[in-house]
Amino acid sequence: MKELLDLFWTFFRIGGLTFGGGYAMLPMIQKEVVEKRKWATDEEVVDYYAVGQCTPGVIAVNTATFIGYKQKGIVGGIIATLGVIFPSLIIIMTIAAFLQNFAEIQCVQYAFSGIRVAVVVLVINAIIKLWKTSVKDNIGIFIAILSFIVVAFLKLSPIYIILASGAIGLLLKGSKR
């Protein structure tokens with residue numbers, strides 16, 4: 001029971017202290033899960049991110065589910081998922097109740113502008129950490145740059161990019177063995 005509460009509160013804090021969506025949560029997940037709690041390795045968390053990106057839903061929620069499942073099975077997956085989404089439910093319901101009254105106030109608009117900048121920084125931080133753990137050779141660099149170009153300029157669905165990147169990696173790495 002203590003482990004389930006620990007899962008819930010860990011992901012509750014992550015869900016409540018990070019703003020800007022799933023990608024903004026990735027650095028905090030990495031710090032809590034890998035560095036502090038030792039529930040997973042860097043490589044496992046990167047794998048969870050990759051699978052979480054390929055499956056429906058928010059990447060942070062999917063990652064919480066995978067980590068919870070690894071720790072305590074199905075119940076752990078459910079508890080970690082509830083932990084990470086519960087703060088968002090509370091925040092969204094509170095904002096929805098009051099935002100209409102305050103959205104036009106200048107200082108509220110300034111606050112949202114500041115929050116957007118902070119979210120961009122958090123996402124860039126996540127990208128840098130993912131790059132360091134995922135891109136290990138020239139093939140990885142090639143796939144990363146090609147993926148960026150295709151997503152940025154051709155506007156293809158990320159699912160196609162992920163599948164194609166996996167196939168390219170398999171072909172290029174597999175041909176070296």
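Contacts between residues 24 or more positions apart make up 56% of the contacts in the chain with a separation of 6 or more. This value, like the others reported here, was computed from a predicted model. The chain contains 7 helices and 0 strands, so that its elements, read from the N terminus, follow the order α-α-α-α-α-α-α. Along the principal axes, the C-alpha atoms occupy a box of roughly 60 × 45 × 25 Å. Of the 177 residues, 29% are classed as buried. The accessible surface amounts to about 11,400 Å², and carbon and sulfur atoms contribute 73% of this area.

The largest nonpolar core comprises 23 residues. Within this core, the residues that touch the most other members are F11, I29, V33 and I67. At least two core residues are supplied by each of helix 1 (2-17), helix 2 (22-36), helix 3 (42-54) and helix 4 (59-102). Helix 4 provides the largest share, with 7 residues. When residues up to four places away in sequence are not counted, F11 touches V33, W39, A64, I67, A80, G83 and V84.

V84 is located in helix 4 and is buried, with a relative accessible area of 2%. The C-alpha atom of V84 is separated by 14 Å from that of P27, the two residues being 57 residues apart along the chain.

Two threonine residues are likewise buried. T10, in helix 1, has a relative accessibility of 0% and is classed as buried because this value falls under the 20% cut-off. Beyond its neighbours within four places in sequence, T10 is in contact with E32, R37 and W39. T63, in helix 4, is buried with a relative accessible area of 0%. With neighbours within four places in sequence left aside, T63 contacts I29, Y48 and Y49.

Two packed helices are described by the angle between their axes and the distance between the axes. For helix 3 and helix 5 (residues 106-134), the angle is about 115° and the axes lie 10 Å apart. The crossing of helix 3 past helix 5 is left-handed.

The loop between helix 2 and helix 3 includes K38. Most residues other than glycine have a negative phi. K38, although not a glycine, has a positive phi of about 60°. With a relative accessible area of 63%, K38 is classed as exposed because the value is over the 50% cut-off.

Note on methods. Residues numbered from 1 in each chain as written. Predicted model: local features only at pLDDT ≥ 70, side-chain atom pairs only at ≥ 80, totals over all residues. Heavy atoms only, no water. Core = buried A, V, L, I, M, F, W, Y, C linked by side-chain atoms within 4.5 Å. Buried < 20%, exposed > 50% of the residue type's maximum accessible area, 1.4 Å probe, protein only. Helix = DSSP H or I, 4+ residues; strand = E, 2+ residues; numbered from the N terminus. Contact = heavy atoms within 4.5 Å. Axes fitted to C-alpha atoms, helices over the stretch in contact; angles between N-to-C directions. Left-handed = near helix turned anticlockwise from the far one by under 90°. Areas by Shrake-Rupley, 256 points an atom, 1.4 Å probe, with all protein chains shown as cover.
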